[in-house]
Amino acid sequence: MTNQNHFTLSFPLQSPADAKALSEELPPMMPGLFQAEDAIGTIHYSRFTVLSDKSLLFLGDFDGEFSQLMADLAGHAGPVFDTICRHVDKPPPTPVADNADAFIEWTAEHLLHAATLFSAYPDVTAKEIKALASAAGVNGAGEQRPFLVILPIKSSIAFVEVKLLLHARSRQTQKDLGTVGTPHFAQFVPLENNQVGFFTVYDGTFDTYIADFTKYIGEVFDLIFKFIKDPPPSPCRKHLQEFIDFAAAANRTPIGLYKAYPGLTVQDIHALIADSKSQERSGK
């Protein structure tokens, strides 16, 4: 049993100009960040997105403890976070590589907590998945895609209602996501200004994903749509095209998408795990 975790970090920005600057400065730095994350070896997926003129989000799925990951990122990817910190309101001291403890403390204070967490393979680490694929000679031909949807809630009272709903329904939502069969990781995360983010990494095409999604997990969105501004018609499984259009319009393009094992689908990974367990039982 491993210790998988998720983080959503919110970096408060000084001004709209800083949000614009980061959207231009961060993309060229992604190859270096991805190399650092490969070296760290505990991250499954990560990506940035500019949430608003006031906030940059950094989110990811990883193995182990948050403080250790932040220490590793400070040591391996310091320049990326030094660049971000130039645009942050009340940032931690830089260079972060020389101030790792302060960076860990600052990020812990700016960590947003998910209302729902899902993993398609919660018992394996990123390193184990890569090792299983390498041993089996499997590269995978799948396409892992990000889905970052921000849902604006009508009011602060409705926002509280949605958070309670998501917490109460968390186990059923996790079960439903597993039934879909294509999401690797997924989270509902309460955000600033009465918003809720739904973040996933999934296999296949967008339209197919959304169609499967409405079939197996549409119910939770039908419940949330009662509380959001300008919702699509519901139930969403009966209004598939409208839901596809709504999701496409609400989907944010991430800055960078790190993938520890690109090309491997959820089903590929499940097959690798099953083969490994079968070999263990047969004593190979």
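Trainee: Which residue stands opposite Thr49 in strand 3?
Mentor: Leu57 stands opposite Thr49 there. Strands here are DSSP E runs of at least two residues and helices H or I runs of at least four, numbered from the N terminus. This is a predicted model, where local features need pLDDT of at least 70, side-chain atom pairs count only at pLDDT 80 or more, and totals for chains, interfaces and linings use all residues. Residues are numbered from 1 along each chain as its sequence is written, and side-chain values use heavy atoms, without hydrogens or water.

Trainee: And how many bridges pair strand 2 with strand 3?
Mentor: Eight, in the antiparallel sense, between residues 43–52 and 55–63. Pairing takes at least two DSSP bridges between two strands.

Trainee: What order do the strands of that open sheet take?
Mentor: The order of its five strands is 4-1-3-2-9, with antiparallel pairing. Strand 4 (111–112) and strand 9 (255–259) are at the edges with a single partner strand each, so one side of each has no neighbour in the sheet.

Trainee: Switching to strand 8: how many of its residues are buried?
Mentor: Nine of nine, across residues 195–203; buried means under 20% relative accessible area, exposed over 50%, and partly exposed in between (1.4 Å probe, protein chains only).

Trainee: Which strands pair with strand 8?
Mentor: Strand 6 (residues 144–152) pairs antiparallel with strand 8 over nine bridges, and strand 7 (residues 183–191) runs antiparallel to strand 8, joined by eight. Phe188 stands opposite Phe198 in strand 8.
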